[in-house]
Amino acid sequence: MKDAGLSFRLAGLDLANPTMLASGILGYSAETLENIVKGGAGAVVTKSVCLDPREGYANPTVVQASCGLINAMGLPNPGIDEFAKEIRKVKSRLKVPLIVSVFGFSAEEYASVARKAVAAGANGVELNVSCPHVKETGSEIGQNPKRLAQVIRRVKASVEKPVFVKLSPNVTSVVDIAEAAENAGADALTIMNTVKAMAIDVETAMPVLANKVGGLSGSAVKPIALRHVYDVYEQVDVPIVGCGGIADWRDAVEFLLAGASAVQIGTAIAVEGPLVFQEIVNGMGAYLKKKKVRSVKEIVGLSHRS
Ligand code: RRO
């Protein structure tokens, strides 16, 4: 379906439609990202990358829960210098914005990785301040408004591309953290990362994941993410990208009505493959037509009218 009112500008980036690949679900190769774009995604976010290479945790790193997946991959990545080669390759082939998910263990590390990603061709960066189980940081930077603001300010001073910030649901108030991120200069907020969770094997009487605790994604978390998007929309002005259990066009439209300008798809790709994007985009287009709405922007936050 051509355009159908779905194209728009998000934090300075032109998107043909409001769907994006969520960080984390797929690897780093140019071929994988290209497949996602062929499937219909309006933008892609890479897996998180940090300064030095990391192996990640031992297996098992993923376990199926009744309505989703629990993962504790442990941020496996080749390090930004190696990944920069792949970014250059991807950039020459992709026709959609490429956003690199950036992780660091200090504000300076975030800034350094972001600079290298942008120098290699990233159109924007998404700061992953919300991995639910990377132990070295003690707690997620995204749980502490002061540390979060330092990271965002340092990155904003280092790159001239849009800075998305991916927030954690594992906090007392997502709204407080969202306000801190906006005040520090975030250009958009991605809501949300995975929810802390675990599974125990009754035969071995042991946690299933090698890391014991992981992050839950998939349809189980959709209502949680939706509620956070709804609450944050009422308090911040920067655009929100909804993320959490979105698997079909109805889920995507729900997030837009709650206040998201775009949505990220992750776990659903593991079940349905890259064509899930086309299904969602076609369904959204048909919905706008049925509702006689010219642009997708008109439905963002529509559920808030009293
Ligand atoms: O790699 C991971 O284990 C991981 C990351 Br960095 C993240 O941000 N969220 C998640 O559920 N897993």
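Reply: A polar contact is a pair of N or O atoms within 3.5 Å. The model is predicted, and the distances below are computed from it.

With M73 the backbone takes part: one of its polar backbone atoms is 2.9 Å from a ligand oxygen atom. Taken alone, the ligand exposes 320 Å², and the protein buries 90% of that.

Now the wider surroundings. The residues around the ligand are N71, A72, M73, G74, L75, N128, C131, P132, H133, N193 and T194. Sorted by class, this shell holds 5 nonpolar and 6 polar residues, and no charged ones. As for the site itself, the ligand takes up the space of the largest pocket.

The aromatic rings are a separate topic. A search of the whole structure finds 3 aromatic pairs. In one of them, F103 and F105 have ring centres 5.2 Å apart and planes at 70°; an angle over 60 degrees counts as edge-to-face, so this pair is edge-to-face. F103 has 4% relative accessibility and therefore counts as buried, the limit being under 20%. F105, at 26% relative accessibility, counts as partly exposed. F103 also pairs with Y110: the ring centres are 6.0 Å apart and the planes stand at 40°, so the pair is tilted. Y110 has 1% relative accessibility, so this residue counts as buried. Together, F103, F105 and Y110 form one aromatic cluster.

Notes:
Residues are numbered from 1 along each chain as its sequence is written. This is a predicted model: local features need pLDDT of at least 70, side-chain atom pairs count only at pLDDT 80 or more; totals for chains, interfaces and linings use all residues. Side-chain values use heavy atoms; hydrogens and water are left out. A residue is near a molecule or strand if one of its heavy atoms lies within 4 Å of it. A polar contact is a pair of N or O atoms within 3.5 Å; within protein, one must be able to donate a hydrogen and the other to accept it, and residues adjacent in sequence count only if both atoms are side-chain atoms. Accessible areas come from the Shrake-Rupley method with a 1.4 Å probe; for residues, only the protein chains shown count as cover. On a 1 Å grid over the protein atoms alone, a cavity is a set of points where a 1.4 Å probe fits but cannot get out, and a pocket is an open set with protein on both sides within 12 Å along at least five of seven lines; lining residues have an atom within 4 Å of a point. A molecule sits in a cavity or pocket if more than half of its atoms lie within 2 Å of its grid points. Ala, Val, Leu, Ile, Met, Phe, Trp, Tyr, Cys and Pro count as nonpolar, Asp, Glu, Lys and Arg as charged, and the others, Gly among them, as polar. Rings of Phe, Tyr and Trp (its six-membered ring) pair if their centres lie within 6.5 Å; planes under 30 degrees apart count as stacked, over 60 as edge-to-face and the rest as tilted. Buried means under 20% relative accessible area, exposed over 50%, partly exposed in between (1.4 Å probe, protein chains only).
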